[in-house]
Amino acid sequence: NSLKRDLDTSIYFDSVYANSLRINRNDFVCRSREAFDVDATDAAIDRFCIGDYIALKEIGFFGSFPDAGFPWNGFLLEHYVSDFSKKYKLMHIGFTAGTPVGAIVKRSSNYEDLDELVTTILADSHIALNRQNALQYLFDIGIIVRRNYRGIEQILAKAKRQRTRKGK
């Protein structure tokens, strides 16, 4: 944030994450300090992720997670899933400064991109499928950080078709 202020520029978190390890809201460390037990961490995520995906923010208790050299939190989990997990991938719009958002998705699932996942999330929800409700719902469950999503109208149309096929 100091560098952002000094240079009067935006922070491109994808680049920051590629070159460091985010351990909490404010701190990044050298990536060489990574000490994940990948198999044990994936097994801990398995306890939460019963289906093909889970919203990142749904995992808030880290008692079953192995020692990673730093206390577990949403930011460390987001970075772990994004770059280190063998069984899971992170689907999100992008890394943000203040809130870890997105979904933890099993690599074995059929979801190719975030739009497909969001379509299913909305189709499976019990909300009225309109723009305002959809954006609020996605925000509330932690998939997006702002009530804005590119292509939401097309996704809503697909979600309605998917919901109809499922008989909801």
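## Leucine 90

A residue is called buried when its relative accessible area is under 20%, exposed when that area is over 50%, and partly exposed in between (1.4 Å probe, protein chains only). Leucine 90 comes out at 15% relative accessibility, so leucine 90 counts as buried. This is a predicted model, where local features need pLDDT of at least 70, side-chain atom pairs count only at pLDDT 80 or more, and totals for chains, interfaces and linings use all residues. Residues are numbered from 1 along each chain as its sequence is written, and side-chain values use heavy atoms, with hydrogens and water left out.

You'll find leucine 90 in strand 4; strands (E, at least two residues) and helices (H or I, at least four) are DSSP runs, numbered from the N terminus. Leaving aside residues up to four places away in sequence, leucine 90 touches Leu56, Glu78, Val81, Ser82, Phe95, Val101 and Ala103, with contact meaning heavy atoms within 4.5 Å. Aspartate 113 sits 23 residues from leucine 90 along the chain, and their C-alpha atoms are separated by 9.9 Å.

## Helix 5

Aspartate 113 turns up again at the start of helix 5, where one of its side-chain oxygens reaches to within 3.2 Å of the backbone nitrogen of aspartate 115.

How many of the 11 residues of helix 5 are buried? Eight are, so helix 5 (residues 114-124) is largely enclosed by the rest of the structure. The buried ones are Leu114, Leu117, Val118, Thr119, Thr120, Ile121, Leu122 and Ala123. Their cover includes strand 3 (53-55), strand 4 (88-91) and strand 5 (103-106), along with helix 6 (131-140) and helix 7 (152-166).

## Helix 3 against helix 4

Helix 3 (residues 38-46) packs on helix 4 (residues 74-83) at about 115°, with the axes 12 Å apart. Axes are lines fitted to C-alpha atoms, for helices over the stretch in contact, and angles run from 0 to 180 degrees between N-to-C directions. Helix 3 and helix 4 are therefore roughly perpendicular (65 to 115 degrees).

On the helix 3 side, the contact is made by Val38, Thr41, Asp42 and Ile45; helix 4 brings Leu77, Tyr80 and Val81.

## Helix 6 against helix 7

These two helices also cover helix 5. The axes of helix 6 and helix 7 cross at roughly 95° and come within 10 Å, so this pair is roughly perpendicular. Arg131, Ala134, Leu135 and Leu138 of helix 6 meet Ile152, Glu153 and Leu156 of helix 7.

Key. A polar contact is a pair of N or O atoms within 3.5 Å; within protein, one must be able to donate a hydrogen and the other to accept it, and residues adjacent in sequence count only if both atoms are side-chain atoms. Angles under 35 degrees count as roughly parallel, over 145 as roughly antiparallel, 65 to 115 as roughly perpendicular and the rest as oblique.
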